Amino acid sequence: MAEIHNSSVKIPKIKFTKLFINGEFVDSVSGKTFETIDPRTEEKIADIAEGDKDDVDLAVKAARDAFDHGPWPRLSGSERGRIIMKFVDLVEEHVDEIAALDAIDAGKVFSHGKNREVPYGASVLRYYAGAADKIHGNTLKLSNQLQGYTLYEPIGVVGHIIPWNFPSGMFFFKTGPALAAGCTMVVKPAEQSPLSALLCAHLAKLAGVPDGVINVVTGYGPTAGAAISSHMDIDSVSFTGSTEVGRLVMQAAATSNLKSVSLELGGKSPLIIFDDVDVDSAVNLALMGGFANKGEYCVCSSRIFVQEGIYDEFVTKIARNSKGLTVGDPFHPATVQGPQADKAQYEKVLSYIEHGKRQGATLLTGGNPCGEKGYYIEPTIFTDVKDDMLIATDEIFGPVMCVIKFKTIEEAIARANSTRYGLAAGIATKDLNIANTVSRSIRAGIIWINCYLAFDADSPYGGYKMSGFGREFGMDGLYKYLQVKSVVTPVHNSPWL
Amino acid sequence: MAARRMSSLLSSSYASPLLRSLGRGSSISRFSTAAALEEPITPPVKVEYTKLLINGQFVDAASGKTFPTLDPRTGQLIANVAEGDIEDVNRAVSAARKAFDEGPWPRMTAYERSRILLRFADLVEQHADEIAALEAWDNGKPYEQATSDEIPLFIRLFRYYAGWADKIHGLTIQADGPHHVETLHEPIGVAGQIIPWNFPLLMYSWKVGPALACGNTVVLKTAEQTPLSALYVSKLFHEAGLPPGVLNIVSGYGPSAGAALASHMDVDKLAFTGSTETGKIVLGLAAKSNLKPVTLELGGKSPFIVCEDANVDEAVDLAHAALFYNQGQCCCAGSRTFVHERIYDEFIEKAKARALKRVVGDPFRKGVEQGPQVDSEQFDKILKYIRSGVDSGATLETGGQRFGSNGYYIQPTVFSNVQDDMLIAKDEIFGPVQSILKFKDTDEVIRRANASPFGLAAGVFTQNLDTANRMTRALKAGTVWVNCFDVFDAAIPFGGYKMSGHGREKGIYSLQNYLQIKAVVTRLKNPAWL
């Protein structure tokens with residue numbers, strides 16, 4: 001295990017710990033705070049203002065006022081795009097600080113944040129900056145002496161409830177399209193990882209995003225999160241997190257003002273590896289898909305289906321290669337896996353490992369916590385996994401991979417689909433027909449063929465089934481923040497219809 | 001701070017930038033005063049680039065020849081510019097071909113391409129003053145208008161297409177039978193582009209922006225009257241990271257360099273903006289050579305229709321701007337001002353008064369609204385049309401003469417009692433000559449407005465919803481502006497009906513000009529659904 005390692009990167013001073021409402025950092029109405037903990041050391045990083053219903057009310061009021069009376073929705077798309085572009089430039093200037101905050105707050109590997117998550121977030125923001133002036137309605141072909149057109153209008157005040165696994169990335173993914181659409185918003189970061197969102201909100205203000213357009217309320221789900229999803233003056237809520245909480249968000253929306261909801265929830269995504277592949281590259285694909293971000297990844301390939309012809313070779317090689325993954329301090333240059341985000345996650349992952357053992361799966365490698373302190377867990381691989389074992393049905397959200405043997409393409413499809421989730425899937429094959437058949441057959445929002453985690457700003461993704469609904473990224477990710485209005489009027493003596 | 005900046009953005013966003021610069025008050029000489037033009041003001045820029053830009057290098061013409069580019073304020077030389085001909089076009093096309101077939105430009109990610117376009121826009125913004133000065137000097141347009149209108153529109157257009165680069169979407173298609181069908185929108189290849197002298201920079205942006213965003217390479221021929229600004233900005237483009245050979249600039253004449261480009265066997269796409277006569281030649285050359293697809297944006301005789309319910313003062317101002325902007329050298333100029341008979345007399349009086357107030361003078365002087373025409377040929381042609389107007393019996397309300405005694409300045413000219421069959425009502429004059437025609441009812445004005453071989457644009461000035469709807473649908477023109485004119489945002493497609501051209505530029509539509517569409521059909525075995 002790589003030891004605590006602070007020499008190469010300066011741990012940033014924590015500048016922002018209060019709620020960000022109407023362009024100002026303010027204490028919570030109650031005056032309460034909560035601790036955010038460094039998962040490397042289990043020690044407190046900072047006391048953060050704890051937002052609750054009253055704070056959400058203030059944030060919504062600011063957002064409502066900014067939407068109803070402020071300049072943001074009244075700017076042209078190109079003017080909004082320019083401000084978003086400035087925001088991205090500032091984000092890039094602060095990449096070290098943002099990545100370091102996520103590393104200490106959520107245990108994320110610093111170099112991944114710096115070289116992958118934040119640059120990808122920047123590309124998404126630039127994508128939506130460029131989309132802000134390309135929101136096109138249609139003119140319509142009506143069946144009477146009428147003419148009509150559609151206007152795509154910003155939906156209004158949006159609530160974003162974001163998780164702790166990609167704290168800054170999710171902030172960009174949610175705010176980017178909503179800003180481009182002309183919405184105003186209240187963001188609730190996860191209580192485990194509130195720091196980077198506060199910094200980014202500050203940067204957005206510096207870039208020229210008007211006060212009240214982005215408000216950040218740090219706090220807990222049952223209090224601040226629930227206040228957002230049940231708020232009567234929020235027009236749409238976008239939630240990324242667990243399927244259980246997604247259900248609560250949707251219920252709250254239903255019992256309050258029927259606000260529109262988009263949910264990006266859990267997954268139990270299959271990676272299906274066929275006999276014709278190069279086994280070494282398939283092993284690397286599986287390790288990347290299964291253990292990226294310490295398995296705290298909704299699209300994690302937590303079920304690896306391997307065809308019987310290469311199964312033994314695959315198992316031998318993945319056992320060997322997984323031992324080469326260095327777990328340790330997120331700032332250590334050798335580290336590829338940091339600690340789990342918090343104690344609850346850590347304990348939950350360990351309990352699933354116990355379930356796996358108890359239910360008779362073979363522990364191929366890993367299975368133990370590691371290090372003296374902090375929430376570190378070894379990359380863990382089970383073989384001989386049956387489809388009905390808990391480790392094969394539940395989202396573990398940790399570095400625990402199930403390797404499952406299959407014989408035929410039909411069997412692989414059926415077993416891959418026999419899950420309540422449908423977020424992502426991977427296919428490894430050289431065969432065109434297999435690739436086409438499987439990609440159309442899997443009920444999931446994104447299919448990666450001979451790649452995994454190949455996210456792109458232009459490529460929408462989201463869930464089938466209980467992985468949620470609505471899409472992030474691409475133009476689809478923008479439309480959910482727009483209302484469609486049809487405008488119809490009689491037309492007299494038109495030379496054509 | 002932020003809120004203040006925002007509100008200033010807001011207050012300006014309701015008017016087109018093009019019209020905002022018009023009608024500034026000023027105390028300096030107007031055309032009706034007898035004040036002679038003073039010595040020309042020295043432009044605040046040096047001419048640094050006069051050679052052809054081929055494969056990332058400034059090079060002399062193969063022949064070694066140059067041509068003079070002249071200052072329209074005086075007819076004097078600004079600079080001698082390398083004169084491109086067939087051999088230079090061949091060199092430029094072969095650089096563009098190599099850059100397309102082997103270079104990084106079509107192979108880098110769209111996001112990377114968009115970053116280079118954005119960096120270019122930033123550099124142009126940083127050098128806006130020099131670029132605007134070159135533009136004003138070479139073309140004769142007021143420096144303030146180049147600064148406030150053309151440069152911002154140019155920058156905006158490149159930023160707009162930077163945003164398209166990573167959103168060029170084909171379709172997946174459900175066809176009959178067990179097939180997976182998708183369309184790939186691929187860059188078309190080497191684009192040849194020929195641009196005019198009236199908006200050298202803006203035309204550059206309309207052509208180069210979408211072509212490069214789609215991943216093509218380009219050979220651009222500028223107008224011989226105005227070669228300078230394109231060379232300057234293209235230098236900046238390379239500083240922004242554009243690989244060599246992606247954008248090649250050939251200065252020179254139409255019959256030599258232009259024809260070589262239009263008839264080149266290795267140019268995959270041609271886009272031309274200019275006169276209808278030349279457009280016909282260009283289309284013919286494309287047909288005779290390799291059948292390259294052609295986008296044409298040609299002449300116009302656009303109607304500006306002022307209905308009886310219009311606010312006359314506003315209509316007068318807008319009709320004035322619609323015709324006189326850029327010395328009347330706009331393909332979409334509102335050059336037939338149709339005015340309803342009930343407000344006709346009042347309109348004439350006020351249009352005449354507005355023309356009399358128009359500030360003509362050195363383009364580098366503050367407050368000047370109108371500079372010289374671009375060259376002596378245009379100058380002579382316009383004066384000939386003015387004589388024809390008088391001879392055919394139209395009433396010359398004001399103007400009609402050259403302005404001053406030096407350079408190519410012409411007085412803002414207004415004709416009333418213009419009849420449909422007069423030359424000044426039929427031909428594209430491309431000068432500061434407003435023709436006002438009287439009409440009685442909607443059907444009549446639609447019929448008369450459409451009785452033209454052109455169909456580029458139209459303006460409708462009315463508060464009546466039904467009239468507006470009726471006219472917008474009935475007018476045969478590529479753009480109809482209602483209660484506005486010359487709104488040229490990058491997102492709005494522009495192009496002609498009839499002999500005003502083919503295809504549309506700007507907006508999402510211009511992407512189609514620079515993309516090949518490939519249908520990919522793959523047989524499916526055991527598909528889960530179709």
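How many residues of chain B are in contact with chain A? Contact here means heavy atoms within 4.5 Å, and on that basis 37 residues of chain B are in contact with 39 residues of chain A.

Before I continue, a word on conventions. This is a predicted model, in which local features need pLDDT of at least 70 and side-chain atom pairs count only at pLDDT 80 or more, while totals for chains, interfaces and linings use all residues. Residues are numbered from 1 along each chain as its sequence is written, chains are lettered from A and ligands numbered from 1 in the order in which they are written, and side-chain values use heavy atoms, with hydrogens and water left out.

I begin with the interface. Chain B and chain A bury about 3300 Å² between them, 55% of it on carbon and sulfur atoms; buried area is the accessible area (1.4 Å probe) that two parts lose on being put together, summed over both. There are 2 salt bridges between the chains, a salt bridge being a side-chain nitrogen of Lys or Arg within 4 Å of a carboxyl oxygen of Asp or Glu. B:Glu125 and A:Arg82 form a salt bridge through their side chains, at 4.0 Å from N to O.

Helices (H or I, at least four residues) and strands (E, at least two) are DSSP runs, numbered from the N terminus.

Let us turn to H16(B). Why is this helix described as largely enclosed by the rest of the structure? The reason is that 7 of its 10 residues are buried, where buried means under 20% relative accessible area, exposed over 50%, and partly exposed in between (1.4 Å probe, protein chains only). Among the buried residues are B:Asn469, B:Arg470, B:Met471 and B:Arg473. Their cover includes strand S6 (146-154) and strand S22 (482-490) of chain A, together with elements of chain B, one of them helix H15 (442-450). At the N-terminal end, B:Asn464 caps H16(B), with a side-chain oxygen 2.9 Å from the backbone nitrogen of B:Asp466.

B:Asn326 lies in the loop between helix H11 (312-324) and strand S13 (336-340) of chain B. B:Asn326 counts as buried, at 0% relative accessibility. A polar atom of its side chain lies 3.0 Å from the backbone oxygen of B:Asn198. Beyond four places in sequence, B:Asn326 contacts B:Asn139, B:Lys141, B:Gln145, B:Asn198 and B:Phe199.

In chain A, strand S18 (residues 400-406) is mostly covered, with 6 of its 7 residues buried. Strand S13 (residues 303-307) of chain A runs parallel to S18(A), joined by 5 bridges; strands pair if DSSP finds at least two bridges between them. In that pairing, A:Gln307 has A:Phe406 as its bridge partner. Strand S17 (residues 380-383) of chain A also pairs with S18(A) in the parallel sense, over 3 bridges, and A:Phe382 stands opposite A:Cys402.

Finally, I note a backbone feature. A:Asn450 has phi near 55°, a positive value in a residue other than glycine, and is partly exposed at 46% relative accessibility.

How values were computed:
A polar contact is a pair of N or O atoms within 3.5 Å; within protein, one must be able to donate a hydrogen and the other to accept it, and residues adjacent in sequence count only if both atoms are side-chain atoms.
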